[in-house]
Amino acid sequence: MHFLLFIPLFGVSFGEVRYSLPEEMQRGSVIGNVARDLGLKVRDLDARRARVVAEGTRQLCELDTASGNLLISQRIDREELCAQANVCILQYQLLLEDPLQAYSLVLDINDINDNSPVFAAGEIKLDLVESTVLGRRFPLESAHDPDLGTNSVREYKLSPNEHFALEMSTQINGNAYPELVLKKPLDREAKAEHVLKINGIDGGNPVRSGTASIFIRVLDANDNVPVFSQRVYKVSVPENSPIGTVIATLNATDLDEGVYGEITYSFSHLSDKMGGVFEINPLSGEVRVAGLIDYEEANTHELDVQAKDGGGQASHCKLVIDVIDVNDNKPVIEIKSASANVAEDSKPGTMVALINVYDLDTGSSGRVTCTIPDDVPFKLVSEVKNYFMLVTDGILDREFQSEYNITVTATDAGSPSLSGLKVLKIVVTDINDNPPTFTQKEYDANILENQPVGTFVMKVKAEDTDDASNAKILYQILRDTNSEASSFLTINAETGELFTSRLFDYEQSVHFQIKVTARDGGDPPLSSTCTVNVFIKDQNDNAPVVLYPVQTTGFIAEDMVPVEAPRGYLVTKVVAVDADSGHNAWLSYRIIRATRPNLFMVGLHTGEIRTVRAFMEDDEPKHTVLVLVTDNGHETLSATVTVSIAVGDGLPVLNELFEFAEESQDSENITLYLIIALAAVSSLFILLISGVFYFKLCRRGYVYRSTTTSLPVFPTTYCPPSFTDLSRCGTLLKDERYDSFLTTGSWRGDFRFVSNTDTDTLKKRSAAYQSTLRRTSTDRNTLKVRAGAPHPCYVLQ
């Protein structure tokens, strides 16, 4: 059981705690309670994902978040971690998130006596001539103990013998090594070999030791031993020097001649690791680089070199090699903690990542600066040595840039300087900060009337620059309690497609407006609204309706025409309307059957029935003309009307109606001119002049003219007080029977009755004609003409 010595030291500015502990502690042993020592709450450790991360070394300890204790997680061997360094320091960081914080943990590893002294060679062989003078000293290889201080080798003991003694010498670095001293002359003839034991003993508690055997062979006289020019050689070599580089040339001389004067050089104590780094030429004494020299592994090497002559006598010297550090290590960048995602509404100063930067070089080559590009909304802040916090330094907008690849550059101060790079990917997560936006604030849609329920109308589209659920848009129609139009359409909530939910009738409504809302899936949701204008397009679904002559079951009103009527004389006019609009309401008139096919003609667009020729004696007194009224729809609809015409003898011929025949012809020419004028730039001017001319012409004489219609009207002269104007009545009153009455024709679509003077003339000229003006009954009869908008109708009561 090892006892722990805890010496917590807290840094005021850096939040540092230091623990001193021995090596070789058992796994699970408690180093200290970091929660208590750093003033943290134990319950926050797990919630904030507290963890311990290593800095440039293995993870040898771990944090128990349940108790706040720092525990040993792997074997800690000071000799493996720090070799022969006097101080063995391990640096760790305690990281906590939400918010991200870092505390420095320093572990000072103390040495224990866990290693015994070991001689590199279990057997040491010496060849000595029997003439060796007394007091001659023979350096021996030191025992190696990885422990430090009192736990390293403290003394050596030699097995009892009468010829040799053991004395200690000290190296320039203060390390002691044993030397074998001859105390009694050797006699080869008396004893040719001597076997001794040497023990290396450390100063630990308990004491540990190591043993080696010394085999001494007594040779014939070899009077001189090799002598080095220096007892200690000190040289320096830059790390990473090429293999074969000459480090030093050692020189030893022997005054003997022949075989006894031949010297060979060798390393007398060299570890396997060092054996691959340095080599010595046994004949010239040149020491060369044989492998990689790394300052970061060891900055000094001390080698024992032996010079041995042909007679077996040897001497030793020390070769001390100082390694010169060069800037051969790039700075290392380690991301200790990184939040891969950062919300776009994060405030400036929010920590995103913790970065550890270090350089294995020393001096200026080990001083590192850390930078990131200037064109990113982040910056580096350092509060702990070699640690940098990446924090936000501006407003983030995912819609402007959704992710950042930040290049972290660490540069040392060496010459030339070296740099390390690491790319840190930061994803900006979305918040619902953008409402849906319609591609148009107002949409216009057209739909034909009478389309079935479920007919596609149009598609509205909104876009949301947010992401994921914040950009998922649902559409709905705003319900207006003051208008039923919002129920006319349905909408697909996901696609924005609008469909009809009822049948539309152009004659009832030509336009309606609804509001569509697009709402995203954020929390809270955001929305926007657009306006949809729906225009109902007309279909030819209404047949023409004949207003005059009135058709009732079993009775057809007769129109009178003088027998002397000339060619082109206006007999009557067929009046019809169509509830449709536009082209669908343009009406055409055509005679499809007549008593005399070549006697009457009808105006194609006016409905006016005129004589084609003068009446002859063999012409019937009564004529029936069947007129077909058709509209201009794609699929035309039609109505027929029967016109009954009676030829009256003695009726006056009104020049006005005859002259109109010419005017009618002129009117057709004017219409043609108007059509041509409409295609010209001056169409409006010509239309204005024609309108003025038209109204002046219409106001001549005694004729009463309605200002709002082209349907039949009666002159005010023949309108008694009981004559009522039912303009825009919009519907037909009930039909009643009437006797035939005199219709003198029409003036551009208007009916006229003759004046009182004309009536008296007619009475004098023909009693029969007067009888046609009487009413056939004393009952109240009413002549009603339906006026489809905008035509007026008048009722004679």
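## Cysteines and the disulfide

Cys 317 counts as buried, at 3% relative accessibility. This and the other values in this report come from a predicted model. Cys 370 is likewise buried, with a relative accessible area of 12%. The cut-off for buried is under 20% relative accessible area.

The structure holds one disulfide. It joins Cys 82 to Cys 88, with an S to S distance of 1.9 Å. The torsion about the S-S bond of Cys 82 and Cys 88 is about 60 degrees, so this disulfide is right-handed. Both ends are covered: Cys 82 is buried at a relative accessible area of 16%, and Cys 88 is buried at 1%.

## Strand E7 and its partners

Strand E6 covers residues 89-96, and strand E7 covers residues 101-110. E6 and E7 pair in the antiparallel sense, over eight bridges. Within this pairing, Leu 95 stands opposite Ala 102 of E7. The two strands form a hairpin with four residues between them. In the turn, Asp 98 has a positive phi of about 55 degrees.

E7 also pairs with strand E1 (residues 16-22), in this case in the parallel sense, through seven bridges. Pro 22 has Asn 110 in E7 as its bridge partner. E7 is mostly covered, since seven of its ten residues are buried.

## The open sheet E2-E5-E4

Three strands form an open sheet in the order E2-E5-E4, with antiparallel pairing. Strand E2 (30-33) and strand E4 (61-64) stand at the edges, and each has a single partner strand, so one side of each is left without a neighbour in the sheet. Neighbouring strands of this sheet are turned by 25 degrees against each other on average, direction ignored.

E2 and strand E5 (residues 69-72) are joined by three bridges in the antiparallel sense. In this pair, Val 30 stands opposite Leu 71 of E5.

## Strand E33 and its partners

Strands of a sheet pair through backbone hydrogen bonds, either parallel or antiparallel. Strand E33 (residues 419-429) takes part in a parallel pairing with strand E27 (residues 341-343), over three bridges. Here the bridge partner of Asn 341 is Val 427 in E33.

E33 also pairs with strand E32 (residues 403-412); nine bridges join these two strands, which run antiparallel. Val 408 stands opposite Lys 422 of E33. E32 and E33 form a hairpin, with six residues between them.

## A nonpolar surface patch

Leu 672, Tyr 673 and Ile 676 form a nonpolar patch on the surface. Together the three residues have about 340 Å² of accessible area. Tyr 673 lies in helix H5, which spans residues 655-678. Tyr 673 is exposed, because its relative accessible area of 55% is above the cut-off of 50%.

## Summary of the pairings

E7 has a parallel pairing with E1 and an antiparallel pairing with E6. E33 likewise has a parallel pairing with E27 and an antiparallel pairing with E32. In the sheet E2-E5-E4, the pairing is antiparallel. Hairpins are formed by E6 and E7, and by E32 and E33.

Conventions:
Residues numbered from 1 in each chain as written. Predicted model: local features only at pLDDT ≥ 70, side-chain atom pairs only at ≥ 80, totals over all residues. Heavy atoms only, no water. Patch = residues over 30% accessible without salt bridge, like charges linked within 9 Å, V, L, I, M, F, W, Y side chains within 5 Å. Areas by Shrake-Rupley, 256 points an atom, 1.4 Å probe, with all protein chains shown as cover. Salt bridge = Lys/Arg side-chain N within 4 Å of Asp/Glu carboxyl O. Buried < 20%, exposed > 50% of the residue type's maximum accessible area, 1.4 Å probe, protein only. Pairing = 2+ DSSP bridges. Axes fitted to C-alpha atoms, helices over the stretch in contact; angles between N-to-C directions. Disulfide = S-S within 2.5 Å.
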